[in-house]
Amino acid sequence: MVTDPGNRVIESYVETDNSAEARKAVSDGILNIHKVTSNRFWQFAALFGIMFVLGLIGFVMRLSSGFDDKAAWGYYVALFAFLMTTSSAAPMVAIAPRIANSHWRRPISRAAEIWTLAGCLNLLIYIPLIWLLPSLENGRRSLWFYGQQKAQDMDSCWVFCWGGGVPAYSPHIWATLAILGLVVLGFALLWLSILPDLAVLRDHGEGWQKKWGRKLALGWRGTSAQWNWQYHRMGVVGAFYFMMLVFVHFFISVEFLMVHVPGWIDSLYPITHAHNALQGGVATVMLTMFFLRKFGGYKDYIGLDQFWGLGKLLLALSLLWFWFWFSSFMVLWYGKKPSEQAVLELLVKGPYLYLFITIFLLVFILPWFTMIWNPVRRSVWGPPILAGSILVGTLLDRIRLYVGAWDVAEKSEMMHSMMHMEMEEVPGTIPSLGIADAFVIVGFIAGSVLIFMLATRLIPAINIWERKEMLLYKAEVQFHRTKVMVMGKPR
Amino acid sequence: MVNSNKWGMVVDIDRCTGCQGCVVACQAENNIPINLEEHFNQRRAIQWIRIERYWEGEYPDVKARFIPIMCQHCGNAPCEPVCPVYATYHNDEGMNVQVYNRCIGTRFCANGCPYHIRFFNFWEPEWPESLKNQLNPDVTVRSRGIMEKCSFCVQRIQRSTREADRDGVDLEDGDRGLNPACVNACATNSIIFGNFNDPNSEVSKIKEREMKEGGRGYGLLENLGTDPNVIYLKKVDESVEVGHGH
Amino acid sequence: MQEHTQLSNKQINDDLLKDILTVPKWWLPAVAFLSLIVLTGLGAFFFMMYHGLGVTGLNRPVMWGFFIANFVFWIGISHAGIMISAILRLTQAEWRRPITRAAEVMTVFSLIAALHTPLMHVGRPWRVLYWIFPYDFSRGIWPNIRSPFVWDPSAVGTYLIASSLFVFVCLIPDLAILRDRVKNPIGKKIYSQLALGFRGTPRQWKLQIIAGILLSALVLPVFVSVHSIVSWDFAVLIGVEGWRSTIFAPYFIIGAIHSGVSAVAMLMALSVWLYGLDKYIKPDHFDAIARLLIVVATTWFFFFFLEWVYALYTLESPEIALRELQAFEWPYGPLFAIFVITSFVIPVPMWLFKRVRRSAALMFWTTILVNIGMWLERFLIVIPGLLRRTHMTFDWGTYHPSIIEILIVVETFAFVCLGMLLFAKVLPLIPLFDIKEGMVNRRLIKVGRRVVPATIREGLPHHYYENKH
Amino acid sequence: MAKRSVLGLYTEEDSAADALDNLREAGFEEDECEILTGVPYPEGTFGEAEPEHHLYRWPLIGAACGFTIALLITAGTELAYPLVTGGKPILSIPAMAIIMYEGSMLGAIIFTIIGIIFESRLPRIFMGAYSEKITEGHIGVTVTTDETRTDAAETALTKAGTDGEIIRGWE
């Protein structure tokens, strides 16, 4: 019995429409959209497929050019970083709001998780990089402080010399394990989340979908125990995925960027990199939602509040982008340390100045100063457009950082000395974009999209069970003279 | 107005005997309060120039190394931009000047200085009665609560410039009226003062000779990019690396 | 998950205003005691002002000591207030309702406390205006805006003004309630002046709700900037290896949130005990804030880890020597151990247990631990940072705080407690109208046999409801 | 023309809403009738018109002003007293950016506060017809109109079933 502030009895319980019909309506509605595959879909798939083939050609060309010339690999690594920053980070958009238990995520989470499948491409791209990672043998700086033979040289420290250094190739091992782990966790997360929907396919799908549903659903029956585990499992795996993501970006930013640029000691950078990943991930999901709504036929399921929620995230993240950048820029700018000045010269001023300004506009100025304006933020067209600008900006940003760094790695001999590292000359020009690099960049991005599209043929792009779950907790009720939305918060 | 002078110093460690003559001269010239024992114990002694002494080698064959350290008058002084009230700034004669009236004593600059040559007046300065008449009239007595540091004896520079202008002659290099007290007092001529903008001055010649590859010259902690106006010439035997900052 | 007790407006008024309309027994002694400490602290300050900073333990090279460490600590505490209320308002978390105002008020008082020490510790405090205020009367010169010490007043000032105005705007409806309740004529007069004739029309309520959200959105960026700027007081100094690291701004922020949110939890426990508000601040609230704390503490620890990794990563001997001083040399080694243990190792594992999270007492003690640890953290950043073992061994120093410094530091703590007590005497620490709104919006959804708490969503645009699902 | 205000107190939301309807029937304008509550109810609970406001303009204007002032102060002081410190440029933009940022935020917040108070039609000098019961959970419906029509208003209010209390006040 519930009473209101005036101590008068108000209706005790809110009625939610979670009847069997309603639930059936949801799953049928989504399944019906899911079953049909338009010709347009195949046309686009073919287009992306061709681009992907080009990408593979570029990949082979790049490999054939050998590992000696580091500068030549800049664009390739930039692409790798870009994919890690977008497709691998997209699942965060499902994980974080799910932990926060917010309702607007429900139509989004599945699409975000499907992106983990694109991770297998990242693995493929990563393989050649193992040969490119600088080892500790030449006594370069590393998170592992120094290689074995350098251990003796360090007389000044008596505590942090862990048993005379670490194996020279430890970075390779760690990075490989981390990236592999990320992909595996991603797959696990996706599979967990689709189990109940696969069961739906198994029972109501037809043809090959039914077959695969039976294979993959592992006999999901939806017992209360299974559901209980479902929540716990997804929470735990999600948390692990997040930690692994941060860890991986920590690695990428150190092993692929900072060790190449003498004197680049920017302790904030790994966090910046991880933050870029979150921003890129949200942007990716935002665009995905837009296309699913426009071409995927999910107009009735992906509504304004999805774009609104994501838009608010994007707004906050683009402001954070500036803050992170400024926090490190301020410190480097204020001192006059030659090594740091050289780093600024390389990354902000110098040859990359105009590129940097473009990135600044695309990633911060444009999204932020338009999305503080309500009509833009609360629309189905505004946030996706800005998401697009952010993605382009992020790609350019990767190119600016990685191409620059690998260029220096080629030029700078100082990398081989441990102490007072300084760039003796800042490269004056941006290395030109080879045909192979162009193929790789276009091809592998197209490849990731292709993987996503094909995956949506088996897996419904909208999470059926989470969508059904919402029926239990959301109701529109009459409140005296107005209608209000009542939202339940389970657990 | 653009001034042609860029004052600077050369300190030859090879010649320094650590006799502390420069320290005494500086104290007398610049009205620096007497550093009593407790001031040293409190680590609040004020020495605009100090001789740092480092022991080298193991007993019995142990050597003492001396290095005189005063304000380096850095071109990119870390102490200057952090002062909220412009109490210290870079004047157009290449010197890092301290304006006592402006200073409110945040001590930000003292933390910023990698050479620790900025001193804070923790107490009101005091002199024994006998020394009251010895104070130099050209130099302000600093009250408590403000920073102070080596000024390259700016009062001497001002006076000589003024007199040179009056007599219509050029300042001559190494003029004892122009030199800071420490330079005049140095028995072994290990401190040389002069104008880096004048190619014929002693300091410019030494800079020319010693700052190139293989020369003995170096700047203290130069890797910080402070661009000091004081050049040190290291000990002749190459094994020693006193104060050679990373 | 929250228990469901509905209270009538009248009851809420009576509960939350009783300590304003009547004087609790412990109140007067407490206030007297705290004021005594504050006065002692002020005495110490004037003594220091008269005799000069020689009476402190500062020396060369340790030019900043307890004062600045304490300053950073209080700035940190001040951050939680806005952080909690703003983030929770923006995410429309229901459990924010009883907490927000106390947190915001704490922000205001701890900001003032933070301002104490840096202003007191300058060499010539009577000339401090030259530093803070851009004016050009006598000296023909302006502040040097390149100095972080000029960014500080601009940021802290903005933050102080913003948060006090924020508190005031959110107070207006409660002032109206007080206007209607208070009996003594003078009080009634004052309250009705402050209430600006608030009557509770739909327009006024709508703007109240928008104000909460809009102001939160505006204050959050300020809150981020303030501590970043405070961190740059240290990070811009090229000569101090331990301070010069780019991660400082975010590291300070997250540390501030860590200590501040803990402080809010302490505050909740205290208000339950002192004012008997257990009807309003429930185990659920402690549970929720503890969950938040787990996340914050873990993130903070990651930043802490990064800061160290990179310090060692440079492989420069002064840096490594500094880290060894911080972590392994007497007396800083033991302090370092205490800091790590109290701010992370003990509390976080404890918060993993539901029983701890839901108990006011345990939350109180764990969060006290956190704040001890975080004070030590600031101490360990400031003092060993300055005692750095540079190449010039001649300048190595030591630092022992003097009784004066300790008195003034204690004064800041007493000041904040006193401020909160006085505020709670004249104005409600729990926003009444917010609680009432929660009661109105609260619903229950029945799913099978289970009852799920639900709320009417407020403050969203109308078409938000209209689009199909 | 002297304005009078009449207030009816209700314990039920619905009867308050009815009172509002009655008033409309009796030919009172929207802007003459107001609901007074001690609690923020969801919009339109009493079928009242949704209040219009332009609060979102205020912070933008404020930010613009703050930014300009901060720009003038920073750039102006630097140029007015061009001292070189630490080899930094006379116009050090990163340093200026910080203060300009704070300036804009301060401007935005102060203007927002003013905006909130202004848009919610405060401060209100005369309370008019008002009852302390409102902050205790009663719901008031008040009509502000000229003396001649107060009786009509009163009947309309009573018809909806007040708790027998009608308060009249001056405007």
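Author: In this predicted model, two strands count as paired if DSSP finds at least two bridges between them.

Reader: What makes S9(B) and strand S10 of chain B a pair?

Author: Two bridges join S9(B) to strand S10 (residues 230-233) of chain B, and since the cut-off is at least two bridges, the strands pair, running antiparallel. One of the residues involved is Gly217(B), whose bridge partner in S10(B) is Leu233(B).

Reader: Why are strand S8 and strand S9 of chain B said to stand at the edges?

Author: The open sheet of four strands in chain B has the order S8-S1-S10-S9, with mixed pairing. Strand S8 (191-195) and strand S9 (217-218) each have a single partner strand, so one side of each is left without a neighbour in the sheet.

Reader: Why are H4(C) and H9(C) called oblique to each other?

Author: The axes of helix H4 (residues 100-120) and helix H9 (residues 248-275) of chain C come within 10 Å and cross at roughly 120 degrees. Roughly perpendicular covers 65 to 115 degrees and roughly antiparallel begins over 145, so an angle between these ranges counts as oblique, and H4(C) and H9(C) are therefore oblique. Their crossing is right-handed.

Key: Residues are numbered from 1 along each chain as its sequence is written. Chains are lettered from A and ligands numbered from 1 in the order in which they are written. This is a predicted model: local features need pLDDT of at least 70, side-chain atom pairs count only at pLDDT 80 or more; totals for chains, interfaces and linings use all residues. Axes are lines fitted to C-alpha atoms, for helices over the stretch in contact, and angles run from 0 to 180 degrees between N-to-C directions. Angles under 35 degrees count as roughly parallel, over 145 as roughly antiparallel, 65 to 115 as roughly perpendicular and the rest as oblique. A crossing is left-handed if the near helix is turned anticlockwise from the far one by less than a right angle, and right-handed if clockwise.
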